[in-house]
Amino acid sequence: MEMTKRSNGSDWEAEAAVDQQILFRMGNEYYGLSISLVREIIKPLPITRFPKSPPYVEGVIDLRGRILPIINLRKMFDLEPMEETDDTRFVDLQMDGLNIGIIVDAVSEVMNIPESLIEPAPPIIAGVEGKYLHGIARLNDKLIMLLDVDEIFGQWKKK
């Protein structure tokens, strides 16, 4: 019996070479995050602000009894400000020792991205420091910047 094939005929090795990402938009650019980090996607809630926080820290929200800090990636990446729209979402991320929410312009879809389509990020891309990127995926007619959450949020993760 051949063990490299699943019951539906797909190849184990081919499946291992796929990265499942949630895609979201900020401006005209598409970004991706590993779906394994996403706890939920919600419509924006009222934010309680704190004085003297970094400009990209919007404050905290009460998400069903959980306090969740909210980070504005547009500000963190020094992108043009944009008003909240009906498509704006908070993405609740759960990482090792850190729960954080990010504001995105719109969530697009969940997509399996073959690792063969992911290239290393150049040092500087469209105003976003290359160190924040895990890589760039080329899909059809668009480039998707895959974020490196360890680099972006590592300063706040519990050691």
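**Sheet, salt bridges and charged surface**

The model is predicted, so local features need pLDDT of at least 70 and side-chain atom pairs count only at pLDDT 80 or more, whereas totals for chains, interfaces and linings use all residues. Residues are numbered from 1 along each chain as its sequence is written, and side-chain values use heavy atoms, leaving out hydrogens and water.

Helices (H or I, at least four residues) and strands (E, at least two) are DSSP runs numbered from the N terminus. Glu 84 has a relative accessible area of 56% and is exposed (exposed means over 50%, buried under 20%, and partly exposed in between, with a 1.4 Å probe and protein chains only). The loop between helix 2 and strand 6 also holds Asp 78, a residue other than glycine with a positive phi, near 60 degrees. Asp 78 is exposed at 69%. A positive phi, near 50 degrees, is found for Arg 64 as well. Arg 64 belongs to the loop between strand 4 and strand 5 and is exposed, at 62% relative accessible area.

Turning to the sheet, six strands form an open, mixed arrangement in the order 8-1-2-13-12-9. Strand 8 (106-114) and strand 9 (118-119) are at the edges with a single partner strand each, so one side of each has no neighbour in the sheet. Strands count as paired if DSSP finds at least two bridges between them. Strand 1 (residues 18-26) and strand 2 (residues 29-34) are antiparallel partners over six bridges; Phe 24 has Tyr 31 in strand 2 as its bridge partner.

Six salt bridges are present in the structure, each a side-chain nitrogen of Lys or Arg within 4 Å of a carboxyl oxygen of Asp or Glu. In one of them, the closest N and O atoms of Glu 58 and Lys 75 are 2.9 Å apart. This pair links distant parts of the chain, with Glu 58 in strand 4 and Lys 75 in helix 2, 17 residues apart. Glu 58 is buried at 10% relative accessibility, whereas Lys 75 is partly exposed at 44%.

Another salt bridge joins Arg 66 to Asp 92, with a closest N to O distance of 2.3 Å. Arg 66 lies in strand 5 (residues 66-72) and Asp 92 in strand 6, 26 residues apart. Asp 92 is buried, at 1%. Arg 138 and Glu 119 also form a salt bridge, their closest N and O atoms being 2.3 Å apart. Arg 138 is in strand 12 (residues 133-139) and Glu 119 in strand 9, so this pair ties together parts 19 residues apart in sequence. Glu 119 is partly exposed at 38%. Finally, salt bridges with shared partners join Arg 49, Glu 58 and Lys 75 into one network.
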